[in-house]
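User: I have a chain open and would like to talk through its fold. Could you take me through it?

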Amino acid sequence: MALGLRCFRLVHPVFCNSLAAWTRPVSEGMLKTVSGRQNDRGQSMASPAVPVCHFATKKAKAKGKGQIQTRVNLNAALVEDIISLEEVDEEMKSVMEVLKDNFNKTINIRTSPGSLDHITVVTADGKLALNQIGQISMKSPQLILVNMASFPECTAAAVEAIRESGMNLNPEVEGALIRVPIPRVTREHREMLVKLAKQNTNKAKDSLRKVRTNAMNKLKKSKDKVSEDTIRLIEKQISQMADDTVAELDRHLAVKTKELLG
């Protein structure tokens, strides 16, 4: 045992010196080299370079969503055997024209005799326009008269039609004469007209959705005869047409709202 301890004491210094010499190039030598490079470049040494994966942030992903989608522009003549895009376009334009006509005739700050012409009256002979069964005239800026002398039996129905026209009118009856006072142009009246304009626009959008749905249903009947790619392109074209019409409806509503509120 004593002999073993004595041998260890003799070997220990040599072992330690050898170990120090072996580790020096890695620790001290490497550090000096790195230190020299740091001084030459004027940069601080960071951790070793490793591959980095950059993931898209929510903000970056949101930017992608806002990009303009590629528009489809099919030649109507090339797909007329499948569906008439011209007819679909006409039906969508018709929805727009109905709303514009409604805005011009019924949603105005100043009511005119012509604004009552379109009102439909339910009679024993069917639905008739008010101006077909009554003589409409403007007595003053605040009063419109509807003379029902030619069709006195339709007076009650005409009064009901005027009251339910959505124009905020409360007609009064004097025999065969209907007196229609025009509401004062107050802030409340303007806001009521804006609300009515929004309701009419929503109805127009409902009609537009029906046109789109009918077109899509008609297109489905041709799926067995036409390739899926062609069907997909036509569907995109129809949706694009509907979206454009919705944007136009909203634009007219914005213009009307600005006009009404001043």
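Analyst: Here is a short walk through the fold, the sheet and the pocket. This is a predicted model, in which local features need pLDDT of at least 70 and side-chain atom pairs count only at pLDDT 80 or more, while totals for chains, interfaces and linings use all residues. Residues are numbered from 1 along each chain as its sequence is written, and side-chain values use heavy atoms, with hydrogens and water left out.

User: Okay, how many helices and strands are there in the protein chain?

Analyst: The protein chain holds eight helices and six strands, where helices (H or I, at least four residues) and strands (E, at least two) are DSSP runs numbered from the N terminus. Read from the N terminus on, the order of elements is α-α-α-α-β-β-α-β-β-α-β-β-α-α.

User: Which strands form the open sheet, and in what order?

Analyst: The open sheet has four strands in the order β3-β4-β6-β5, with antiparallel pairing; two strands count as paired if DSSP finds at least two bridges between them. Because β3 (135-140) and β5 (172-174) stand at the edges with a single partner strand each, one side of each is left without a neighbour in the sheet. On average, neighbouring strands of this sheet are turned by 25° against each other, direction ignored, with axes taken as lines fitted to C-alpha atoms, for helices over the stretch in contact, and angles running from 0 to 180 degrees between N-to-C directions.

User: And which helix packs on that sheet?

Analyst: That is α6 (residues 155-163), which touches β4, β5 and β6 (177-181), and its direction makes about 10° with that of β6; contact here means heavy atoms within 4.5 Å.

User: How many bridges join β3 to β4?

Analyst: Five bridges join β3 to β4 (residues 143-147), and the two strands run antiparallel. Q135 has N147 in β4 as its bridge partner.

User: Switching to the other pair, what do β1 and β2 form?

Analyst: β1 and β2 form a hairpin with two residues between them. Four bridges pair β1 with β2 (residues 126-129) in the antiparallel sense, and T120 stands opposite A129 in β2.

User: Last topic: where does the largest share of the lining of the largest pocket come from?

Analyst: It comes from α4, with seven residues, out of 19 lining residues, of which V98, N102, H118, N200 and K203 lie nearest the centre of the pocket. Both α4 (85-106) and α7 (187-220) supply at least two residues of that lining. A pocket is, on a 1 Å grid over the protein atoms alone, an open set of points where a 1.4 Å probe fits, with protein on both sides within 12 Å along at least five of seven lines, and lining residues have an atom within 4 Å of a point.
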